[in-house]
Amino acid sequence: MSRRETIISFIKKEYSVLPEYLFEGDFDTAVFRHNDTKKWFGIIMKVKRSTLGIKGEGTVDVMNVKCDPLLVDILVQRESFLRAYHMNKRLWVSILIDSEIDDGEIFGLIEQSFQLTDKKPKKKKQ
């Protein structure tokens, strides 16, 4: 099973969310969003290496997830993380999913993104 398939399977099992392919004819870009609010908590896509500033030819699989801004600053110091491609670079990070990152770390970042994009509790009126 590819890393992409492993991630999709985890999201299906953990959150009962199926990938959505929003762009006609593009089955390489899978969006994951909350079933109730429809807010995105992740997206997997193929991106040209040159677009990301990565050496080599062709494309790489990346997954964008939302993170705490301080965590984004820490993660991008590592080789397998970049400021988010095509998303808010302060709040989202791109993970090179075919790198040496442990599945558990990716799953933890997906969980954080899921929580950060979930409905906010309503404030009580005083």
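Select K119. At 55% relative accessibility, K119 counts as exposed (over 50% relative accessible area; buried is under 20%, partly exposed in between, with a 1.4 Å probe and protein chains only). This is a predicted model, where local features need pLDDT of at least 70 and side-chain atom pairs count only at pLDDT 80 or more, while totals for chains, interfaces and linings use all residues. Residues are numbered from 1 along each chain as its sequence is written, and side-chain values use heavy atoms, with hydrogens and water left out.

K119 and D36 form a salt bridge, with 3.5 Å between the closest N and O atoms (a side-chain nitrogen of Lys or Arg within 4 Å of a carboxyl oxygen of Asp or Glu). The two lie 83 residues apart: K119 in the segment after helix 4, D36 in the loop between strand 1 (30-33) and strand 2 (40-48). Helices (H or I, at least four residues) and strands (E, at least two) are DSSP runs, numbered from the N terminus. D36 is partly exposed, at 46% relative accessibility. The structure holds 7 salt bridges.

Next, select R4 and D61. Their side chains meet in a salt bridge at 2.7 Å, N to O. R4 sits in helix 1 and D61 in strand 3 (residues 59-66), 57 residues apart. R4 is buried at 12% relative accessible area, and D61 is buried at 7%. Salt bridges with shared partners join R4, K46 and D61 into one network.

Move to R3 and D103. This salt bridge spans 2.8 Å, N to O. R3 belongs to helix 1 and D103 to helix 4, 100 residues apart. R3 is buried, with a relative accessible area of 18%. D103 is partly exposed at 28%.

Helix 1 (residues 3-15) packs on helix 4 (residues 103-116) at about 45 degrees, with axes 11 Å apart. Axes are lines fitted to C-alpha atoms, for helices over the stretch in contact, and angles run from 0 to 180 degrees between N-to-C directions. Helix 1 is therefore oblique to helix 4 (under 35 degrees is roughly parallel, over 145 roughly antiparallel, 65 to 115 roughly perpendicular, the rest oblique).

Show the side chains in contact (heavy atoms within 4.5 Å). Helix 1 contributes R3, T6, I7, F10, I11 and Y15. Helix 4 contributes D103, I106, F107, I110, E111 and F114.
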